[in-house]
Amino acid sequence: MLQKVLSQIDLYTDVVHTIKLPLDEYRVKLLEGFVLRNRMSNNSKTHAYEDYRFRSFKSLAFFHDYVRDFFRLDYNKVLIIKEQWGNIYQPMERSPTRNLINPLNLHESPDYVYIYCVDVAPDSCEFVMEYDDNRRANRSWHIPLKTNQFIIFPATQRYFITKNKSDNMNVFLTTTADYKEYK
């Protein structure tokens with residue numbers, strides 16, 4: 001019997017373990033955008049209202065290089081960064097449920113999203129991706145989050161980060177990317 005997979009939902013997760021990233025610098029830069037209220041959008045009705053711009057910094061390239069190398073070597077795909085921002089969730093806050101595509105402009109929408117856990121209190125929250133498995137609709141996949149972990153998934157998937165059950169702020173870096181096949 002011949003089987004041909006026409007569609008699948010890919011989800012990748014790992015911990016940055018072969019390089020030491022300056023997480024304190026990442027945290028300070030992302031919190032700076034939050035404190036200064038440097039929002040991606042000033043429209044409080046959009047999800048981007050909760051996303052904060054930050055000034056670029058040199059050591060961030062180490063993280064992006066790590067993820068791109070991982071993706072290229074293991075999956076033969078080259079990630080091309082489009083946008084990035086920080087998210088800060090205070091105690092008892094959670095992210096909105098969303099995907100990161102523009103249904104009115106799919107051509108300009110990203111292919112992938114990757115979320116990096118810059119500073120996450122132990123056992124405080126989970127990443128949840130919603131998906132349909134043919135007629136088994138409204139399924140979800142849960143991944144407990146921890147500092148120095150990243151998750152990569154298609155931008156078409158709806159996702160959220162659960163309520164922060166700790167007494168500390170949780171800090172995340174979100175990046176969108178396109179991909180091309182590596183030859």
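Visitor: How far does the backbone oxygen of Asn168 lie from a polar atom of the side chain of Ser166?
Guide: The model is a predicted one. In it, Ser166 belongs to the loop between β7 (158–161) and β8 (170–181). A polar atom of its side chain and the backbone oxygen of Asn168 are separated by 3.0 Å.

Visitor: With which side chain does the side chain of Ser166 make a polar contact at 2.7 Å?
Guide: A polar contact requires N or O atoms within 3.5 Å. The pair in question, at 2.7 Å, meets that limit, and the partner of the Ser166 side chain is the side chain of Asn164.

Visitor: Is Ser166 buried or exposed?
Guide: A residue counts as buried when its relative accessible area is under 20%. The relative accessible area of Ser166 is 12%, so Ser166 is buried.

Visitor: Which residues does Pro91 contact, leaving aside neighbours within four places in sequence?
Guide: Pro91 sits in the loop between β2 and β3. Its relative accessible area is 33%, and Pro91 is therefore partly exposed. Ser166, for its part, touches Pro91, Ala121 and Ser124. With those sequence neighbours set aside, the contacts of Pro91 are Asn164, Ser166, Asp167 and Asn168.

Visitor: What is the distance between the end C-alpha atoms of helix α2?
Guide: Helix α2 comprises 16 residues, 60–75.

Visitor: Where around the axis of α2 are its buried residues placed?
Guide: The buried residues of α2 are Leu60, Phe63, His64, Tyr66, Val67, Phe70 and Phe71.

Visitor: Against which elements do the buried residues of α2 pack?
Guide: Just after the helix, Asn76 adopts a positive phi of about 60°. The packing partners of the buried α2 residues are β1 (12–15), α1 (23–35), β2 (77–89), β3 (112–119), β6 (149–154) and β8.

Visitor: Which elements give two or more residues to the lining of the largest cavity?
Guide: The structure has one cavity of 30 Å³ or more, and the largest cavity holds about 70 Å³ of space. Its lining includes Asn87, Tyr89, Tyr159, Ile161, Phe172 and Thr174. The elements that supply two or more lining residues are β2, β7 and β8.

How values were computed. Residues are numbered from 1 along each chain as its sequence is written. This is a predicted model: local features need pLDDT of at least 70, side-chain atom pairs count only at pLDDT 80 or more; totals for chains, interfaces and linings use all residues. Side-chain values use heavy atoms; hydrogens and water are left out. Helices (H or I, at least four residues) and strands (E, at least two) are DSSP runs, numbered from the N terminus. Buried means under 20% relative accessible area, exposed over 50%, partly exposed in between (1.4 Å probe, protein chains only). A polar contact is a pair of N or O atoms within 3.5 Å; within protein, one must be able to donate a hydrogen and the other to accept it, and residues adjacent in sequence count only if both atoms are side-chain atoms. Contact means heavy atoms within 4.5 Å. The expected span of a helix is 1.5 Å times one less than its number of residues. On a 1 Å grid over the protein atoms alone, a cavity is a set of points where a 1.4 Å probe fits but cannot get out, and a pocket is an open set with protein on both sides within 12 Å along at least five of seven lines; lining residues have an atom within 4 Å of a point. Grid points are joined across faces, edges and corners, and a volume is the space filled by probe spheres set on the points.
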